[in-house]
Amino acid sequence: MNSVMSLYLFTAIAALLSGIAAGIAGTFVVTRRLAVMSGGLAHAVLGGIGLAVFLSFDPLWGAFGAAFLFVLILVVGKNRLREREDTVIAALWSLGMALGVLFISLTPGYTVDLLSYLFGNILLVTRQNLLALALLDLFLITGVFLFKRHILYVSFDEEYSAMRGLPVNLMSLIFLGVIAVTIVLLTRVVGLVLVIALLALPASAANLFSRHLWSMMALASLFAVLFNSAGLGLSYLMNLPTGATIIIVSAAGYGLARGVRALMKRKRVMPEG
Amino acid sequence: MTDKALESRGLWFAYDDDFVLEDISVVVEKGDFVAVVGPNGGGKTTLVKLITGHLQPTRGTLTVLGEAPAKAGSRIGYVPQFSTMDASFPITVLEVVLQGLFKKTLIGPVWKKDAVEEGFRSLAQLGIAELARKRFGELSGGQKQRVLLARALISSPELLILDEPTSSVDIAVEEDIYELLKEMNRVMTILLVTHDITFVSSYVNKVMCLNKRSACHDTGEIALEREGHSPYGHKVTEIRHQCGL
């Protein structure tokens, strides 16, 4: 296999694997209204990436560390210190980015392009990244299969779930963890500035057509894979930046879904017309 | 076995330093049909959240069906205000109702056939079986209220708690709901949080007034005085009760 072919294959696999994770984690983001939290987390991760680059170890571990810290500080700040959630998010969002820029500028002989962390670069996706994405997908699909009803009921009505003895706090923490890990792995493809759109847009589009949480996840994954593939194809053909193209395609896809939904509704109201 | 559905002694609750409930000592016997009334901010919803185990008392004790609230949860049916539910959440009416039967040990994606049949029976009891496959968020207020009531009733609870069940439903639905509750009261204790004491006074046997502090009366002790026309042109009803609040 020549190198161009293997790059094609590599990209296609990345689009598929990241789409599945984006659809499932995106459903959590949309139904639990965590879009702003997720956006903040994605940006704050730059702090960890910067530190990793500065100390010259794998940026992926720096990103995971920063994501973990973000969730920890958010939970402690909100529940123990009773600080306003949006304030904590805003502070961590900027602080993470500031630290990232600082560490990267301090790195001697620094050559890696800051822009690829911010806006993604499919060429940064390694074999390891794909393996990690595949494991995440496997974990998510198995988890949703086994705990489908736990996830449904805790997401829909925490209070009633707690009354019926479900481990509501543990599950909320797992949801946050899943979102954080997914964001870190997806930043390689679309970049940390753009990743939130890849989580929110396919899931919001899927919500327009779904009566069940699980079907929303499935449809969101399908949409995300489609948007990913179309974006990657378009960016290759027209020589455009991949991350940005994927997001613009996703936004267009969401708009299209809204239009289709409106037409379906009108048909139902006026069956003759 | 205890014959008390609810018993609190010197119950205090504060959000941060702000006391919402002060020294509440009340007893609800099994088989009672209690209306909880009081002004907004009087602590009605806070009391409900303490009973369902969602909040913990700052001071004092509260037992529900002879147990700590956190342990009694599966024996309670709870009907929240439907306006607090997310209308855009993807879930069907049948799925909502079956939450009343769900336990954490139920691993795997599908419901057993007899559980689904029970779900349909519970919906039929409230006259909305045909809505089972609809998306919950698409229903009208009255329909949502019935679905949440079906979810509470499906587990045959010993104590049924309703938080303003008839706010924003029309009067016909309201009457239906109260008739059904009267029926249910034969086999379960009912605690009804409401603004509208005049309407429920013919159904309940006890009224708990809550305004930070509490007072309980049998309905016989309450004088309902129908007044003439108010300046707004509506019939108004004044309630006189010796709460001392």
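Colleague: Leaving aside its neighbours within four places in sequence, which residues is Val45(A) in contact with?
Modeller: Val45(A) is in contact with Ala63(A), Ala66(A), Ala67(A), Gly96(A), Val184(A), Thr187(A) and Leu192(A). Contact here means C-beta atoms, placed from the backbone, within 7 Å. One caution: this is a predicted model, where local features need pLDDT of at least 70, side-chain atom pairs count only at pLDDT 80 or more, and totals for chains, interfaces and linings use all residues. Residues are numbered from 1 along each chain as its sequence is written, and chains are lettered from A and ligands numbered from 1 in the order in which they are written.

Colleague: Where does Val45(A) lie?
Modeller: In helix 2 of chain A, residues 35–54. Helices (H or I, at least four residues) and strands (E, at least two) are DSSP runs, numbered from the N terminus.

Colleague: And is Val45(A) buried or exposed?
Modeller: Val45(A) counts as buried, because it has 29 C-beta neighbours inside 10 Å. The cut-offs are 20 or more other C-beta atoms within 10 Å for buried, 12 or fewer for exposed, and partly exposed in between.

Colleague: How far apart are Val45(A) and Leu192(A)?
Modeller: In sequence, 147 residues; in space, 7.7 Å from C-alpha to C-alpha.

Colleague: Which residues have the most contacts inside the largest nonpolar core?
Modeller: Ala21(A), Val45(A) and Leu198(A), in a core of 149 residues. Such a core is a set of buried Ala, Val, Leu, Ile, Met, Phe, Trp, Tyr and Cys residues joined through C-beta atoms within 7 Å.

Colleague: New topic, confidence. What does chain A average?
Modeller: A pLDDT of 90, with 96% of the residues at 70 or above. pLDDT is the predictor's confidence in each residue, from 0 to 100.

Colleague: Where in chain A is confidence lowest, and where highest?
Modeller: Lowest in helix 5 (residues 114–119), at a mean of 83, and highest in helix 7 (residues 148–156), at 96.

Colleague: Now the contact between the chains. How many residues does each chain give?
Modeller: Chain A gives 25 residues and chain B gives 24. On the chain A side, helix 6 (127–146), helix 7, helix 8 (158–163) and helix 11 (213–238) each give two or more. Helix 7 gives the most, with 6 residues.

Colleague: What's the chain A side like by class?
Modeller: It has 13 nonpolar, 6 polar and 6 charged residues. Ala, Val, Leu, Ile, Met, Phe, Trp, Tyr, Cys and Pro count as nonpolar, Asp, Glu, Lys and Arg as charged, and the others, Gly among them, as polar.

Colleague: Over to chain B. How many residues of strand 7 are buried?
Modeller: 5 of its 5, residues 159–163. Leu159(B), Ile161(B) and Asp163(B) point one way, and Leu160(B) and Leu162(B) the other way.

Colleague: Which strands pair with strand 7 of chain B?
Modeller: Strand 6 (residues 76–79) pairs with strand 7 in the parallel sense over 4 bridges. Strand 8 (residues 189–193) also pairs with strand 7 in the parallel sense, over 5 bridges. Pairing takes at least two DSSP bridges. Ile76(B) stands opposite Leu159(B), and Ile161(B) stands opposite Leu191(B).

Notes
Contact = placed C-beta atoms within 7 Å.
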